[in-house]
Structure formats: C-alpha cells, structure tokens
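Notebook open, structure loaded. I want to go through a pocket and then some charged side chains.

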Amino acid sequence: MEYLGKREYSYVELTQKLKPYAESDDPEAEIKAILDDFVERTWLSDARFTEQITHVRQRKFGANRIANELRQKGVSDDLISEAMASIKDNEFDNALSVWRKKYNAPATSREDWAKQARFMQSRGFGFDVIKQVLASQDNEDD
C-alpha cells in the first residue's frame, strides 16, 4: 500500500481510498475489518479528523463551507455540530481577517459592497457575519 500522507483521514474517506487495494472476494468486509481495528487502536478517529480540518480551514473559510466539506468526507452530524459551535465563537474575527487580506478597504459603492459580500459568501461565511464585517469597516471610516 502507498503512504497516504501526514494528515488525518475520516473513516469514509479511507474506505474509498482503500477500495482499489483490497485483495479479497469481499473488499468491503476486508476494509471494514481493517478500519474497525484502526478505530479500536485509536489510530483512526473521526473526531480527530474533524478537529484538524476545523482548525486548519477556519483561517480561510467560514462555518458553512467547513461543514459542507466535513459532510462530504462522511463525518457524523453530531461531530459537525460540535465543530460548528466552536467555529461560531470566533467566526467574526476569522471573517474580518479573510476580508482584510483580500480588500482592507471599505466598499465605495453598492457594486463594490456586493462584490466583497459575494467573495465572503464564497468562502463560506453566513450573511449575518458578512454584514457585520462590512458594516464594521464602514464605521471605522466615520
């Protein structure tokens, strides 16, 4: 088997990655047995995977985008809810940081405001956070 890298993987993600390498008549059972053993030995943990992804991604992305990525990787809704609760605590600061890296100047027109809002939305920030970030920058100029 090839080396998969230095980051954590979710159970579902590893299942998909290992399918081409299974050598038995029942590849799903073989992979499930291996991954269940990894979970038992604490070598594989969806909670650790969620924590790592959340920690790394929150510097660039909002809660919505991170939650979607975790869902795509097969993480349970309970773990996603816990992760989103921790992200929401400092989402405004993260959004402000992302906005400052890209723009660092308040919108001068409606089109400019809409452009900045679309950028922030594409990064996965909610509209309430986007409005707070853009309004805070308007207020700093006053």
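Predicted model: local features only at pLDDT ≥ 70, side-chain atom pairs only at ≥ 80, totals over all residues.

Entry 1: The residues that line the pocket are Ala-47, Thr-50, Glu-51, Thr-54, His-55, Gln-58, Leu-79, Glu-82, Ala-83 and Ser-86. Two elements each give two or more residues to this lining, helix 3 (46-57) and helix 5 (77-88). Helix 3 gives the most, with 5 residues. I then sorted the lining by class and got 3 nonpolar, 5 polar and 2 charged residues. For the volume of this pocket I noted about 150 Å³.

**Entry 2: salt bridges overall.** How many salt bridges does a search of the whole structure find? It comes back with 6. I wrote up some of them below.

**Entry 3: Glu-13.** I looked up where Glu-13 sits, and it is in helix 1 (residues 11-18). Is Glu-13 buried or exposed? Its relative accessibility is 6%, so I logged Glu-13 as buried, the cut-off being under 20%. Leaving out residues up to four places away in sequence, I found that Glu-13 touches Arg-7, Phe-49 and Lys-73. With Arg-7 the side chain of Glu-13 makes a salt bridge, 2.6 Å from N to O. Arg-7 itself comes out as partly exposed, at 33% relative accessibility. With Lys-73 I get a side-chain polar contact of 3.1 Å. Put together, Arg-7, Glu-13 and Lys-73 are linked in a network of salt bridges.

**Entry 4: Asp-36 and Lys-32.** Next I checked a pair in helix 2 (residues 27-40). The side chains of Asp-36 and Lys-32 meet in a salt bridge, at 2.8 Å from N to O. Asp-36 and Lys-32 are 4 residues apart in that helix, so about one helical turn separates them. On accessibility, Asp-36 is partly exposed at 31%, and Lys-32 is partly exposed too, at 47%.

**Entry 5: Arg-57 and Glu-69.** I have a salt bridge between the side chains of Arg-57 and Glu-69, 2.9 Å from N to O. This pair links distant parts of the chain, with Arg-57 in helix 3 and Glu-69 in helix 4 (residues 63-72), 12 residues apart.

How values were computed. Residues numbered from 1 in each chain as written. Heavy atoms only, no water. 1 Å grid on protein atoms, 1.4 Å probe; cavity = no way out; pocket = protein on both sides within 12 Å on 5 of 7 lines; lining within 4 Å. Points joined across faces, edges and corners; volume = space filled by probe spheres on them. Nonpolar A, V, L, I, M, F, W, Y, C, P; charged D, E, K, R; others polar. Buried < 20%, exposed > 50% of the residue type's maximum accessible area, 1.4 Å probe, protein only. Polar contact = N/O pair within 3.5 Å; in protein donor to acceptor, adjacent residues only side chain to side chain. Contact = heavy atoms within 4.5 Å. Salt bridge = Lys/Arg side-chain N within 4 Å of Asp/Glu carboxyl O.
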